[in-house]
Amino acid sequence: MKVAVKEDTTAFAKEIQQKCGQDVLTCYQCRKCTMGCPMAFKMKMKVNELMRAIQLGLREEVLSSDTMWWCVSCETCATRCPQDIEIVEVMDVLREMAFKEGYYIPVESIEAFHKVFLRSVEAYGRLYEMGFAMDLNLQLKDPLKDADLGPVMFAKGKLKLLPHKVKDLKSVKKLFENVRKLEESRV
Amino acid sequence: MKYAYYPGCSLESSAKEYDLSIRACCQYTGVELIEVPDWICCGASSAHATSHLLSIALPAKTLVQTEKMGLHQIIAPCIACLTRLKVADMEMEEKEDLKKDVETVLESPYKGSVRVRNVLDVFLNDVGLEKIRKTVTTPLTGLKVACYYGCLLTRPPHIAQFDDVENPHSMDDLMRAIGAETVDWSFKTDCCGVSMSLAETDTALVLTNKILEGAKDAGADCVAVACPLCQSNLDLRQKAIGNKFGVFYDMPILYFSQLMGLAFGATTMDVGLEKVIVDPFPVLGAI
């Protein structure tokens, strides 16, 4: 059987390389990444399969996959990769692309986590842990999640009731605004 | 020895005892910490998942402030903060365009003169094991410690540039220097699930259960950690782990600095020992 490859399937891998410097095309499927991955048991497409899909130019499949959302950036894969691919940087780029291009994020709780986290940092300059946990539980539609832990942590002096706002909140807001401005100017 | 000090968000609340015990240990060993004024969050674990530029700009602000303080070394006890600060510094050095973008965002230049230091590294290599041994007044004789390094203390090696990546021993060396025994075990660098514990709790419990099981099987009295997320993931949910897997470990999870502080003669209050969830007093009772 003859298979005619009409288009350049490496365009997607090159796009990723241009964004983060990592050349996924060098992956030869040794599968060390997946073998060491603590989250592989949750991923529909395993890490090595994701690398192969990128090589094949399967942009849609990759950007809508759940792989990078289960990745906890533990760096085991990148440390063991014989081709020195910094796989977590690839995961970060894929997450950023999926976010910015409006892909449905298959692990909704993780999407909520990132949004609520950054909302807290932008509002106060620091993470307001208690507010963050409560806000996240509301997003997860499980407001009483960890309700048993709250009082224990509070009694131990591990939770602050009020956020600690930084004094120069203006410069924090400016930082976030400047990042958005610069990124929008490049789209 | 003077260092800029970046506590980070967790050390202000859920990991207050890490902050207290680090400050105590530094006092005993002559390490002077000057807190970065009005520091902001480093953006871990979310900025790098949503915007690369934001993930560099947030920690870069702290690096710029450190330069303004006239200091050239910064200590970040939280390993997530440490990694974000290091990545920001290294990427700005390697990528001229990125550095320019960050300087535009921050509206401030960065000379690149700051060295980001891991606190274990400072105790081991700046203070030194000999001085640590001499500072001990209450050796933790007989205490069996499982040293848990987690992910980012040694990984990825080109960023962490610290210790053996698959079988680290720096924390073991410190624990032995204060008189404790350390156990050999296979889970030193396994992942605790990090932020997954909040968004996908059940998934994180699978990982923490394995780590606690490993520590127990190795005969440890307690686990020593160097990261707020490792500590809270292992400490906070042992009841939930028991309910899910049928094993109640009752394993105290302590910051290495809490144990060091105690050995140096600090009170339990000084190192925030009462703040950890699984009661450590029974295993420390004899000391």
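**Interchain contacts and helix packing in a predicted model**

The side chains of K174(A) and E107(B) meet in a salt bridge, with 3.1 Å from N to O. The model is predicted. Across the interface of chain A and chain B, six salt bridges are found by the rule.

The interface was then examined as a whole. On the chain A side, 58 residues are in contact with 59 residues of chain B. The size of an interface is often given as the accessible area lost when the parts come together. Between chain A and chain B, the buried area is about 5000 Å². Carbon and sulfur atoms give 60% of this area. Three residues, R126(A), K158(A) and L175(A), supply 13% of the area that chain A buries against chain B.

Two packed helices are described by the angle between their axes and the distance between the axes. Helix α3 of chain A spans residues 47–55, and helix α7 of chain A spans residues 87–100. Their axes come within 12 Å and cross at roughly 65 degrees. Angles of 65 to 115 degrees count as roughly perpendicular, so α3(A) is roughly perpendicular to α7(A). The crossing of α3(A) and α7(A) is left-handed. From α3(A), the contact is made by V47(A), L50(A), M51(A) and I54(A). From α7(A), I87(A), V90(A), M91(A) and L94(A) take part. The residues of this contact between α3(A) and α7(A) comprise eight nonpolar, no polar and no charged.

Terms used. Residues are numbered from 1 along each chain as its sequence is written. Chains are lettered from A and ligands numbered from 1 in the order in which they are written. This is a predicted model: local features need pLDDT of at least 70, side-chain atom pairs count only at pLDDT 80 or more; totals for chains, interfaces and linings use all residues. Side-chain values use heavy atoms; hydrogens and water are left out. Axes are lines fitted to C-alpha atoms, for helices over the stretch in contact, and angles run from 0 to 180 degrees between N-to-C directions. Helices (H or I, at least four residues) and strands (E, at least two) are DSSP runs, numbered from the N terminus. Angles under 35 degrees count as roughly parallel, over 145 as roughly antiparallel, 65 to 115 as roughly perpendicular and the rest as oblique. A crossing is left-handed if the near helix is turned anticlockwise from the far one by less than a right angle, and right-handed if clockwise. Contact means heavy atoms within 4.5 Å. Ala, Val, Leu, Ile, Met, Phe, Trp, Tyr, Cys and Pro count as nonpolar, Asp, Glu, Lys and Arg as charged, and the others, Gly among them, as polar. Buried area is the accessible area (1.4 Å probe) that two parts lose on being put together, summed over both. A salt bridge is a side-chain nitrogen of Lys or Arg within 4 Å of a carboxyl oxygen of Asp or Glu.
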